[in-house]
Amino acid sequence: MGIFSKNKKSNYDFSGKKFEIKIFGTGCAKCDKLEKNVQNIVDKYNIEAVTEHVTDIKEILSAGVISTPGLMINGKLISTSKVLNERELLKKLSESLDV
Amino acid sequence: MFNWLDNLVRSLVKDVFNISMDTRLGSSVHFFIYDTIKILILLMVMVFIISYIRSYFSPEKTKEALEKYSGISGNIFASLFGIVTPFCSCSSVPLFIAFVEAGIPLGVTFSFLITSPIVNEAAFAILLATFGWKLALFYVFTGVVVGVVGGIIIDKMHLEDEVEEYVYELVASEYEEEKMNFRDRIDFAITNVKDILRRIWIFLVIGIGIGALIHGWAPSDVLNKYAGRDNPFGVIVSVIIGIPLYSNALGTIPIAEVLIKKGVGVGTALSFMMATTALSLPEMILLRKVIKPKLITRFVIIVGVGIIIVGYMFNMLF
């Protein structure tokens, strides 16, 4: 999305990996956009993932999200107040495997 | 700063469209093209710069910083942080709860919640484009004053029991943000520019279009009579009209520009703008999840009165 991003082919390999992705949002436009971006890469790269859009305010806060949308991968809060694009999402997913 | 553009558009209207600049049509067409380009350029540049600065701040850091201040300095810092903290009004609810849970006084929380939407980057950029530095900066200054004073009054009213009970029971967990590098910040700023443009361009163009029509055709004396600075109700009416409208009403600034040239008070136009951003109906509905109607009503009255006072002040000063 950014001016520096290149449309190079992804060299990430997610085969055989399972993800649990949670999007925290109160139903705002940015939150829906993030959910769409996540769904797109899951479909595009055949990623095995369970995605969930959490709208309950108590759950959102106990996850540590103050500014929505929040993104959680496999139980770890990855980002807040940001609509991550495809490149960033792929990077975060692959980073979550390194831990 | 934009003389080159002014001349370029003049010759476009005269030599390409073959319309004399002395006709109503000519000056309207010039106004439309010139203002659209000028506002878009300034909007993109200013939103980019402001967003870049804002990438150094976050609601999480602001929360941490505000925990350290008490009393009036808390209100002042909350308002100042409100200017620079990137924050979308759809996050009002989680932010409100997190502030309260962190022990930040209600009044300080409200200082943040009042100033933050009033002093938004798009409003600042468009004001700068249409009215220049002096007015844009004064707008920021009064946005802070309204936030600080509003917060102090809410604090003095001791309305803590007007917050929904469950807010006090929630436990927010801490989140360690990741560091941003230069490229992340540039990306953040560009995304923000795109986001704001996508959201408001159509309203802006419509606003400039209407502005162009008024520019050529609306009679000054009638406007002066009903919305001029001498009409004591002008400011109040503009605030009331502004409340149900959302920030897309920023497109109305070009209309305001023309109206001001035709004799409508500067303050009347500015308080309308503040009302659309600070007292938006959608945000009230969101906040209702965490605060009871009594506090919402007080909030609207305090901010509304503050904005009206600011309007009259501007009308006297400019």
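Is Leu317(B) buried or exposed? Leu317(B) is exposed, because its relative accessible area is 55%. Here is the scale: buried means under 20% relative accessible area, exposed means over 50%, and partly exposed is in between, with a 1.4 Å probe and protein chains only.

Some ground rules. This is a predicted model, where local features need pLDDT of at least 70, side-chain atom pairs count only at pLDDT 80 or more, and totals for chains, interfaces and linings use all residues. Residues are numbered from 1 along each chain as its sequence is written, chains are lettered from A and ligands numbered from 1 in the order in which they are written, and side-chain values use heavy atoms, with hydrogens and water left out.

Back to Leu317(B). It sits in helix H16 of chain B, residues 293–317. Helices here are DSSP runs of H or I with at least four residues, strands are E runs of at least two, and both are numbered from the N terminus.

Met313(B) counts as partly exposed, because its relative accessibility is 32%. What makes a patch? Patch residues have over 30% relative accessible area and no salt bridge; like charges are joined within 9 Å, and nonpolar side chains (Val, Leu, Ile, Met, Phe, Trp, Tyr) within 5 Å. The areas come from the Shrake-Rupley method with a 1.4 Å probe, and for residues only the protein chains shown count as cover.

Chain A has a charged patch. Which residues form the negative surface patch? Glu20(A), Glu52(A), Asp56(A) and Glu59(A). The place of a charge is NZ of Lys, CZ of Arg, CG of Asp or CD of Glu. Take Glu59(A), in helix H2 of chain A, residues 57–62. At 36% relative accessibility, Glu59(A) is partly exposed.

Next, salt bridges. Side chains of opposite charge can pair when their charged atoms come close. The cut-off here is a side-chain nitrogen of Lys or Arg within 4 Å of a carboxyl oxygen of Asp or Glu. How many salt bridges does a search of the whole structure find? Eleven, over all chains.

One of them is between Lys18(A) and Glu48(A), at 3.9 Å, N to O. That pair links distant parts of the chain: Lys18(A) is in strand E1 (residues 18–24), Glu48(A) is in strand E2 (residues 48–54), and they are 30 residues apart. Lys18(A) is exposed at 63%. Glu48(A) is partly exposed at 43%.

In chain B, Arg10(B) meets Asp6(B) at 3.5 Å, N to O. They are four residues apart in helix H1 (residues 3–16), so about one helical turn separates them. Arg10(B) is partly exposed, at 32%, whereas Asp6(B) is buried, at 17%.

Arg54(B) and Glu121(B) also form a salt bridge, with the closest N and O atoms 3.0 Å apart. Arg54(B) lies in helix H2 of chain B and Glu121(B) in helix H7 (residues 121–131), so the pair ties together parts 67 residues apart in sequence. Both residues are buried. There is a network as well: salt bridges with shared partners join Lys91(A), Lys92(A) and Glu95(A).

Stay with helix H2 of chain B, residues 24–54, which also holds Ser28(B). Ser28(B) is buried, at 7% relative accessibility. A polar atom of the Ser28(B) side chain lies 2.7 Å from the backbone oxygen of Ala212(B).

Last, the backbone. Where is the cis peptide bond that joins Thr68(A) to its partner? It is between Thr68(A) and Pro69(A), with omega about 0°. Pro69(A) lies in the loop between H2 and strand E3 (70–73) of chain A.

Asn74(A) is not a glycine, yet its phi is positive, near 45°. Asn74(A) is in the loop between E3 and strand E4 (76–79) of chain A. His158(B) has a positive phi too, about 50°, and is not a glycine either. His158(B) is in the loop between helix H8 (133–156) and helix H9 (165–169) of chain B. His158(B) is exposed, with a relative accessible area of 58%.

Definitions and conventions
Lys and Arg count as positive and Asp and Glu as negative; His and the chain ends are not counted. A polar contact is a pair of N or O atoms within 3.5 Å; within protein, one must be able to donate a hydrogen and the other to accept it, and residues adjacent in sequence count only if both atoms are side-chain atoms.
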